[in-house]
Amino acid sequence: MSENLHRNILATMAVVLLTGCGLMPARETGTTASEPAAEPLPERAAEAHNGSTGDNSDGYSRNVVYLASDDQAIVERRQKLLDDGHESVALDRVGFYMDVLTARLRQELAGRDVDLDRADRAITLTFPGSQAFETNSAEIHPDMAPILGILGRVLDEYDASLITIAGHTDSTGAREFNQHLSEQRALSVGRHLHDQGVAETRIIAIGYGPDRPIADNDTLQGQALNRRVELRIEPLAAT
Amino acid sequence: MASRRDKVLFAVFGVTVLGLLIPLLLLGWYLWQGSVVAEEQRLDELSQRLGEQTERAIIDTRDLLDKLNTIEATPCSTEHLNKLQNAAMSRPYIRAVGYWRAVERECGAGFVQGDALTPPQASRIYDSGVVAWWPGPSTKVGGVELFLMRYGQYDVAIDPRLLLTPGLLEDQKVGLWVESMPMVAHPSGAVLPNYHAFEPGLTVDRAEQRVVSRTSLGTLFPIDIIAVQPMAQFWQRYLPTLAGVGSLGLTLVGLWLFLILRYFRHQLSLASELREAIAHDQLQVVFQPIVDLETGACQGAEALARWRRENHETIGPDVFVSLAEETEQGTDLTLAILRCVLRELGPQLRDRPDCPVNLNITGQDLASTRFSEALERELENARVPACAIKLEITERSLLNTDDVRQRIKALRTRGHRIAIDDFGTGYSSLSYLESFELDTLKIDKTFADAIGHEAVTSNIISHIIVMARSLKLNIVAEGIESGHQVEWLRQQGVGFGQGYRFSRPLTADAFRNWCQQSGESK
């Protein structure tokens, strides 16, 4: 576990050093690879787009946040992680894992404007789009940085978990633009977590565009609620 | 008449019983309430203390977790472990303190084997980030269900049994709930009813034969305590007081009833026995001579009744005369005495009517004509002249009505002389007596006793004598015991006397002899 951590930190530092910036422009995400020279595993530099796993020998794109094309891709990714022997939680400790992780997140996020929802086997953090991002941009709002910092730290400790970041938009505007924006926003958050030391293999981004509203798109309030990013944390455990 | 008397009797009896039972019941109720209140206070205090102890322990644990998270030392270094150890050792109820990374216990003080420290479901996850696992099967180690609290990187395992000070509990069954979830029961494994089933305070659960006390504390978080005690123990605790006072009360009631019953039974049986005695002429009569103070000659005698019961107990006239009057046999009694007098002294009375016998009559005798008719008949049968029977009426029984006055007058016309008895003890004035036709005034013994003692009464007697003489009444002084009294009375002009100075009451034979002797000596 701690070996993993160190490797991640090293990788992140390398990326930060070589790109000169932790936050890549949203437009470039998925199309522009990080500088390969800094990587401990230089054979990467693959295309992360549309759920393709690239052409690496182990099937993971190094230092690139994975963008899932659909829900099925998430399930497969999750299974692959388990099959590949990723850090996981013993089945009889899943409940305990979720309880203490929930408590830890509450402790660390106390006073922050984050909605935390605990389900039996998943914790969902919801960030309103208006607070997390600049308007119509995947650029993360400066206020979000500390929250993502905290999440990075906690998720690094609780490493036997899969983090799915789902971007959502409202139904106004062109569908394609919305789809793209939701993907970019998800990727942006994912990349930020990665920068905080969370292994890229545990992070999945997905964009749902306007397809999964949680409120009425006919009202301004509903639209604001629909523009959001959901961060879903699941324990990695054999099912 | 007898039924009215019975009714009164029953009423008196009933009131007596009620008057005793009501205070007794009230006393019992008061004692019971007192016991309940005392028990309530005792259990409430106990519960309060237990609740406060638990509250303190939980708050202390919470503070400890806060402090642990600020420890600067390198995790799991000797310094770090020492600090954990100190924290655990200074608190008796802490079984283990652990430092965790995610779900792995990296190190700690105290160790708990198995999965007891990683239960599958938390009881509470607070917004502050504190997680708590209430004691339950999943936190059970070696038969003890632990209470776990975790905050940040640290957890604390508490043995809930040690939250309760055993000394306080004695042999009580106690259950303690924190935030509505069972925290601990004493003794271990005791099955206790849920506190929801009971009202706060003390409940006497007769169906289950137990006393249940519920106390709730809600300073920082709700704590509910149930203390259960078998009814038998409650009784044991308070029975001595209840039984002591109760039995004392019952004894008093019993004694009181017994005395009342005995008194009434005695009275009732005495009355019926008296009726028997009258019917069968079983009363005896003795005669106390009345003497001429000047000459010492016998001037007659007062007939005094004696009643000897079958058990040889002698009942005084003061008892049976009033008993006879109470039970409406006054006239029967008088007539029985009359018959006795005539039987024993008939011939002498025939021969010497100048030496009459005084017969005591009662107010009842004058209330109807029955007595005077019977008297006439008896005297006729015995052939004794009316003048040989002098009638004594007590001042108190003399009713100032026309009927009574007429009857006295009729008796007197027939030849009977009338004496007023016990004069001076009633409240009537002499002028009141004047309205009756009387012959003799008998001055009560108390006045004779006072002679020579210069008491107020001795002053009064002089006045009585003066006034009696002015009414031309013969005067008989009763209860004369000394020559000095005789002398004084004679000087005052009192003609006759009666008392131990002359003779005690005598049987008929003795009286005849006495009469002869006193006649000869003169």
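Predicted model: local features only at pLDDT ≥ 70, side-chain atom pairs only at ≥ 80, totals over all residues.
Residues are numbered from 1 along each chain as its sequence is written, chains are lettered from A and ligands numbered from 1 in the order in which they are written, and side-chain values use heavy atoms, with hydrogens and water left out.

**Chain A as a whole**

Select chain A and colour it by secondary structure: there are 7 helices and 6 strands, where helices (H or I, at least four residues) and strands (E, at least two) are DSSP runs numbered from the N terminus. Read from the N terminus, the elements follow the order α-β-α-α-β-β-α-α-β-α-β-α-β. Of its 239 residues, 54% count as buried; buried means under 20% relative accessible area, exposed over 50%, and partly exposed in between, with a 1.4 Å probe and protein chains only.

**Salt bridges in chain A**

The whole structure holds 41 salt bridges over all chains, a salt bridge being a side-chain nitrogen of Lys or Arg within 4 Å of a carboxyl oxygen of Asp or Glu. Select R118(A) and D99(A), which form one of these, with the closest N and O atoms 2.8 Å apart. Because R118(A) lies in strand β2 (residues 115–119) of chain A and D99(A) in helix α3 of chain A, the pair ties together parts that are 19 residues apart in sequence. R118(A) is partly exposed, at 26% relative accessible area, whereas D99(A) is buried, at 3%.

Next, select R227(A) and D170(A), whose closest N and O atoms are 2.5 Å apart in a salt bridge. This pair links distant parts of the chain, 57 residues apart, with R227(A) in the loop between α7 (220–226) and β6 (228–235) of chain A and D170(A) in the loop between β4 (161–168) and α6 (175–195) of chain A. R227(A) is partly exposed at 29% relative accessibility, while D170(A) is buried at 4%. A further selection of R104(A), E108(A), R153(A) and E157(A) shows a network of salt bridges linking these residues.

**The open sheet of chain B**

Moving to chain B, select the 6 strands that form an open sheet in the order β2-β1-β8-β7-β4-β3, with antiparallel pairing; two strands pair if DSSP finds at least two bridges between them. At the edges stand β2 (104–109) and β3 (124–125) of chain B, each with a single partner strand, so one side of each is left without a neighbour in the sheet. Within the sheet, 3 bridges join β4 (residues 131–133) to β7 (residues 147–151) of chain B, and V131(B) has R150(B) as its bridge partner in β7(B).

**Parallel strands of chain B**

Select β17 (residues 357–361) of chain B, where 4 of the 5 residues are buried, so the strand is largely enclosed by the rest of the structure. Strand β15 (residues 298–308) of chain B runs parallel to β17(B) and is joined to it by 2 bridges, while 5 bridges join β17(B) to the parallel strand β18 (residues 389–394) of chain B. Continue to β19 (residues 418–423) of chain B, in which 6 of the 6 residues are buried; β18(B) and β19(B) pair in the parallel sense over 4 bridges, with I393(B) opposite I420(B).

**Backbone details**

Most residues other than glycine have a negative phi, and most peptide bonds are trans. Select A102(B), in the loop between β1 and β2 of chain B, for its positive phi of about 50°. Finally, select H186(B) and P187(B), joined by a cis peptide bond with omega near -5°.
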